[in-house]
Amino acid sequence: MLKFFNKYYPIRNLVFFILESILIFFSIYSVILIFYKGNLPVHEERLNIWIRISIITFVSQIVLYYCSLYEFKYGFRIVELFLRILQAIGITCIILSAIYFLYPPAILEQGIFFGGIVLLLFFLVSWRILYTYLCQTGFWNEDLILIMDGELGLHIINEIKYNLDSGYNIKYIFLPPTIKFNKEVLCDLSFKENQIYQDIDRLCEIALENKINKIVFALEEKRGVSPINKLLECKTKGIAIIEGITFFENLCGKVLVTKVVPSWLIFSEGFSRLKFKLLTKRLLDIILSLFGLVIFSPIFILIALLVKLTSKGPILFTQIRVGQWEKPYKIYKFRTMRQDAEKDGAKWAQKDDPRVTPIGKFLRRFRLDEIPQFFNVLKGDMSFVGPRPERPEFVEQLKKKIPYYGERHCLKPGITGWAQVNYPYGASEEDALKKLEYDLFYVKNMTILFDIYIILKTIKTVLTGQGAR
């Protein structure tokens, strides 16, 4: 397993990406060999060809990422996969056309280019069908043993079972003999009787016999039932013991708020607030907000005119939000709702909200209404990346009902964040709980590289218009 930003990624993901790079490169290269009948040009021209193919490979993989073709889920259909890859190749052609217009020496002969595209379509579809099949068979999955007694264990099982590319396989489940747990629940999840044990004494024996190097300890009731001696024996024999909440965090990139106890937050890794890290984050905020204001200044004027001409009211919408350490501040956005949208009081934004204006719907879909928040970032009220700011009335309501909700305010709120790129727009207390799981993960594991990764994922979210309301 690879671990980036405190989240697990299967090694086969990296292998898949590298092999696909080679596949794309040699799809084009094989067409060139056919075109030149095996007689490639002189060394200098050959090097130039390799650079041109590398450009095609790089652009293709960027587009495949932004078309979510590196996300593997159950229930995919070959026709849908074919159409999505065809769409990605179409976008790749458009981008390459722009590159060729700006830099003509990068152009490949027309026959080579279109022949390579046809071959590429065939290889990409076939490669993904093969990889999906390998994931379904559990190829290169890491086996583990799960010790469980309730919902935490079921959360882990479901995440592994329904994530096609989790990289894990639960080989055996151990239930403490003093815990009454309905085995039929596990049988319904496709576990066989010979995979479920209540004899903790055989824990190390089973692990060593099956060459299992990882045990996940997901007991919620530990008093009087924790097999400490057996876990210590396994540990001394080289088997990794991972606490259940920590494993879930690393597996999913979120903190299971309803199962976390304060001691876990206190003693777990994370929450580093080095001055250099905070200073670098602030510098990144200033650079990005200034760059954004310059780049979007023409669009800023156009949006302002559209908002003014299509509905009554001010161009900018201001509202009090809760910032770092729960200090209130005034947020700026382009107005996307009618002027009387909250005449009956504060409400969550709903799907197909009738209060949203026609132009406002478009602005929300592509997050263009957020552009004025660059001024908030420059002022220091917000960061570019952080937990999404909420209104004071909602914060007070959520703090009473959701554990650890106040802890998300230890960082500046952000224009974008880990929750925004992983979960759709929140419009209820349940949504707020789900988003808090991602926010706490970010608060624990905040780094500058993590911020940059979130910004890149945000670009993808904006371009596809995902999760907007």
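This is a predicted model: local features need pLDDT of at least 70, side-chain atom pairs count only at pLDDT 80 or more; totals for chains, interfaces and linings use all residues.
Q: Which residue follows helix 9, and what is its phi?
A: Helix 9 covers residues 244-252. The residue that follows helix 9 is Gly253, and its phi is positive, near 75 degrees.

Q: How many of the nine residues of helix 9 are buried?
A: A residue counts as buried when its relative accessible area is under 20%. In helix 9, the buried residues are Gly244, Ile245, Phe247, Phe248, Glu249, Asn250, Leu251 and Cys252. Helix 9 is thus described as mostly covered, and the number of its buried residues is eight.

Q: Is Glu249 buried or exposed?
A: Glu249 is found in helix 9. The cut-off for a buried residue is a relative accessible area under 20%. The relative accessibility of Glu249 is 1%, and therefore Glu249 counts as buried.

Q: With which side chain does the side chain of Glu249 make a polar contact?
A: Leaving aside residues up to four places away in sequence, Glu249 touches Asn6, Lys254, Val255, Trp264, Phe441, Lys444 and Asn445. A polar contact requires a pair of N or O atoms within 3.5 Å. At 3.3 Å, the partner of the Glu249 side chain is the side chain of Asn445.

Q: How are helix 5 and helix 9 oriented, roughly parallel or roughly antiparallel?
A: Helix 5 (residues 151-162) packs against helix 9 at an angle of about 25 degrees, and their axes are 10 Å apart. Angles under 35 degrees count as roughly parallel. Helix 5 is therefore, relative to helix 9, roughly parallel.

Q: How many charged residues does the contact of helix 5 with helix 9 have?
A: The crossing of these two helices is left-handed. Helix 5 contributes Leu152, His155, Ile156, Glu159 and Ile160, while helix 9 contributes Gly244, Ile245, Phe247, Phe248, Leu251 and Cys252. By class, the contact of helix 5 with helix 9 has eight nonpolar and two polar residues, and the number of charged residues is one.

Q: How many nonpolar residues does the contact of helix 3 with helix 4 have?
A: Helix 3 (residues 78-102) packs against helix 4 at an angle of about 145 degrees, in a right-handed crossing. Among the residues that make the contact are Leu81, Phe82 and Ile85 of helix 3 and Leu120, Leu121 and Arg128 of helix 4. By class, the contact of helix 3 with helix 4 has no polar and one charged residues, and the number of nonpolar residues is 16.

Q: Is Trp140 buried or partly exposed?
A: Trp140 is found in the loop between helix 4 (110-136) and strand 3 (142-148). Its phi is near 65 degrees, a positive value in a residue other than glycine. Because its relative accessibility is 47%, Trp140 counts as partly exposed.

Q: Is Tyr404 buried or exposed?
A: Tyr404 has its place in the loop between helix 14 (392-401) and strand 11 (414-416). Although Tyr404 is not a glycine, it has a positive phi of about 65 degrees. Since its relative accessibility is 18%, Tyr404 counts as buried.

Q: What distance separates the C-alpha atoms of Phe17 and Gln61?
A: Phe17 lies in helix 1 (residues 11-35). Not counting residues up to four places away in sequence, Phe17 touches Gln61 and Tyr70. Phe17 and Gln61 are 44 residues apart along the chain, and their C-alpha atoms are separated by 8.6 Å.

Definitions and conventions. Residues are numbered from 1 along each chain as its sequence is written. Side-chain values use heavy atoms; hydrogens and water are left out. Axes are lines fitted to C-alpha atoms, for helices over the stretch in contact, and angles run from 0 to 180 degrees between N-to-C directions. Helices (H or I, at least four residues) and strands (E, at least two) are DSSP runs, numbered from the N terminus. Angles under 35 degrees count as roughly parallel, over 145 as roughly antiparallel, 65 to 115 as roughly perpendicular and the rest as oblique. A crossing is left-handed if the near helix is turned anticlockwise from the far one by less than a right angle, and right-handed if clockwise. Contact means heavy atoms within 4.5 Å. Ala, Val, Leu, Ile, Met, Phe, Trp, Tyr, Cys and Pro count as nonpolar, Asp, Glu, Lys and Arg as charged, and the others, Gly among them, as polar. Buried means under 20% relative accessible area, exposed over 50%, partly exposed in between (1.4 Å probe, protein chains only). A polar contact is a pair of N or O atoms within 3.5 Å; within protein, one must be able to donate a hydrogen and the other to accept it, and residues adjacent in sequence count only if both atoms are side-chain atoms.
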